[in-house]
Amino acid sequence: MKRISLLVAAGSILVLGSTHPASAVEVSSTFSGGLYASGTTTPGFMNYYVGYAVPSTPIERRNYFIFDLTGVSGEVASASLKLYLPGGSMPSGYISSDATEDYRISGSAFAWTAFAEAFGGTAPPPMLAAMFGTMGVGPAYGVTTLSIDSGGMDVVIDLSPAAISAINLSLGSHFLVTGRLTDLHPLMPGTPPAELAFAYTDIPSATIPMPRLEMVMVPGPGGGVLIVIAVVCGVRRRRHDVR
């Protein structure tokens with residue numbers, strides 16, 4: 001009887017300790033773009049700059065990203081958003097009177113389909129203005145601090161529990177991210193009169209990667225369960241034979 005108990009106990013350890021390793025899934029954005037405070041947009045323009053620059057864009061622009069998750073299944077444990085900020089050998093994507101800018105991302109009260117309509121040029125101006133007011137202001141998906149030193153590399157934003165919950169609800173459909181710079185003051189004197197990040201992100205591009213959503217999936221049960229079943233069945237068979 002002691003020998004049988006030890007075999008079952010060993011099998012129990014396998015159940016608790018053996019799982020498939022967590023796997024990462026990376027999805028590039030299907031659409032990206034921006035809306036202006038004036039309730040306007042540039043249809044089909046996937047540049048995702050955010051902020052303002054006088055005189056070219058004197059009013060605030062907020063950005064958005066749509067990720068197609070129709071091919072993703074399971075459950076997401078953690079995730080991060082990767083956005084490339086030009087710099088290095090390229091013109092800097094950070095142009096600001098301030099040394100740093102805080103960039104905040106969230107969802108929106110509008111569905112991803114509304115932003116797809118904006119990208120396609122079919123959303124009317126009053127709707128665009130209402131959508132703008134919801135961008136980057138809902139429950140925070142993440143916040144990061146940008147500077148000129150961030151240029152020439154991916155800005156990686158670890159996503160919050162609110163974002164992970166939204167991703168899991170979006171599996172099999174599309175996931176929307178919206179963003180804004182949180183402390184704009186266009187009347188502040190300075191040269192250049194700008195608070196702008198992610199400039200020059202004209203994608204698709206051979207030199208600028210697409211915005212990407214990297215998801216780490218919840219690991220599933222592994223082969224340990226099968227081993228336990230084999231051990232227990234073997235024990236029961238021997239007990240039956242002894243009788």
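Average pLDDT for this protein is 85, and 80% of the residues score at least 70; pLDDT is the predictor's confidence in each residue, from 0 to 100. We are looking at a predicted model, where local features need pLDDT of at least 70 and side-chain atom pairs count only at pLDDT 80 or more, while totals for chains, interfaces and linings use all residues. Residues are numbered from 1 along each chain as its sequence is written, and side-chain values use heavy atoms, leaving out hydrogens and water.

Two stretches call for some caution. Over residues 1–18 pLDDT stays under 50, and the model has 14 contacts there beyond four places in sequence, a contact being heavy atoms within 4.5 Å. Residues 223–243 also stay under 50, with 13 such contacts.

Now for a pair of helices. Helices (H or I, at least four residues) and strands (E, at least two) are DSSP runs, numbered from the N terminus. The axes of H2 (residues 112–120) and H3 (residues 125–132) come within 11 Å and cross at roughly 125°. That angle makes H2 oblique to H3, because angles under 35 degrees count as roughly parallel, over 145 as roughly antiparallel, 65 to 115 as roughly perpendicular and the rest as oblique. Axes here are lines fitted to C-alpha atoms, for helices over the stretch in contact, with angles running from 0 to 180 degrees between N-to-C directions. Where they touch, Ala114, Phe115, Glu117 and Ala118 of H2 meet Met127, Leu128 and Met131 of H3.

Next, the rings. The whole structure holds 6 aromatic pairs, meaning rings of Phe, Tyr and Trp (its six-membered ring) with centres within 6.5 Å; planes under 30 degrees apart count as stacked, over 60 as edge-to-face and the rest as tilted. One of them is edge-to-face: Tyr48 and Phe65 sit 5.4 Å apart, centre to centre, with 65° between the planes. This pair links distant parts of the chain, as Tyr48 is in the loop between strands E1 (24–36) and E2 (50–53), and Phe65, 17 residues away, is in strand E3 (residues 57–68).

Finally, the backbone. Most residues other than glycine have a negative phi, and most peptide bonds are trans. Val54 and Pro55, however, are joined by a cis peptide bond with omega about 10°, and Pro55 lies in the loop between E2 and E3. Another cis bond joins Ile203 and Pro204, with omega about 0°. Pro204 belongs to the loop between strands E10 (194–197) and E11 (212–217). Phe198 is in the loop between E10 and E11 too, and its phi is positive, near 65°.
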